[in-house]
Amino acid sequence: MISVVQMLNDIGIGAFTVFNYISNLKSILISTFQLTSLSSISHKCDDVFIEFENSCCSSDEINTCPWNSLVQSLKSSPNSFLDCISNHINSKISSNTESSQPVNGLSSNIRQFSSMKAQNFTITEYLQWITTNAQIPHSIFIIVLIYLQRIQDNSQISLNVLNIYRIVLIALVIAMKNSEDRFISNAYFSHIGGLPSVNELNSLELHFLQLIHFNTYVSTQDFHEVCQTIHVQISDICV
């Protein structure tokens, strides 16, 4: 018998695409159950996606699914997720704060993201602030890590303490637009992200898309590979 997953794949719809729609239940959960806790909302959506995956996969696939494993680990250690995401981002940061050498004419794009001086707060604190004010689901941060890797792979750009905050913010904005139907305006993102105006965010969004060659698609394989990496880090913390 043909499984649901095979049927979806045959018509070009993967489980990750279905998850993008399931994650939009967050707004319904907020209004229906009057949930105000981000962790409660995230766990509700994560549980729905796990139930969908479990209905589509064999028992072996369920036990080895990276997203399933990651969500289960988050329930026992919810506060470690952003720490692991931040550690992953920090591992990409170079100590060099000079502008990168021109690569395919994109050096001017990366300079647009640079601040005059380093921020006095950590990446973890920055992500916590944005998450608290915009209710970002866990899956979006996985996509952000994929986008950051594409910037480095596509343009050989050096991420540093002067540009990483704005780059992460724009990656979040694009990931939300690409994977969530819930609307959050660029004006609101510029406000909570610390940018002086929405026009600057709009400009940075275009520069970011040029850096990743407008490739915002995330495959199930890419998504699960990063999930596995984060899951291993969380497991090490919990040991």
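Author: At 13% relative accessibility, Glu205 counts as buried, where buried means under 20% relative accessible area, exposed over 50%, and partly exposed in between, with a 1.4 Å probe and protein chains only. The model is predicted, so local features need pLDDT of at least 70 and side-chain atom pairs count only at pLDDT 80 or more, while totals for chains, interfaces and linings use all residues. Residues are numbered from 1 along each chain as its sequence is written, and side-chain values use heavy atoms, with hydrogens and water left out.

The side chain of Glu205 meets that of Lys177 in a salt bridge, at 2.9 Å from N to O; the term denotes a side-chain nitrogen of Lys or Arg within 4 Å of a carboxyl oxygen of Asp or Glu. Because Glu205 lies in helix α13 and Lys177 in helix α11, this pair ties together parts that are 28 residues apart in sequence. Helices (H or I, at least four residues) are DSSP runs, numbered from the N terminus. Lys177 is partly exposed, at 47% relative accessibility.

A search of the whole structure finds 4 salt bridges. Among them is the pair of Arg166 and Glu200, with the closest N and O atoms 2.6 Å apart. This pair links distant parts of the chain, 34 residues apart: Arg166 belongs to helix α11 (residues 164–179) and Glu200 to helix α13 (residues 198–211). Arg166 is buried, with a relative accessible area of 18%, whereas Glu200 is partly exposed at 22%.

Arg182 also forms a salt bridge, with Glu180, the closest N and O atoms being 3.7 Å apart. Both Arg182 and Glu180 are buried.

Key
Helix = DSSP H or I, 4+ residues; strand = E, 2+ residues; numbered from the N terminus.
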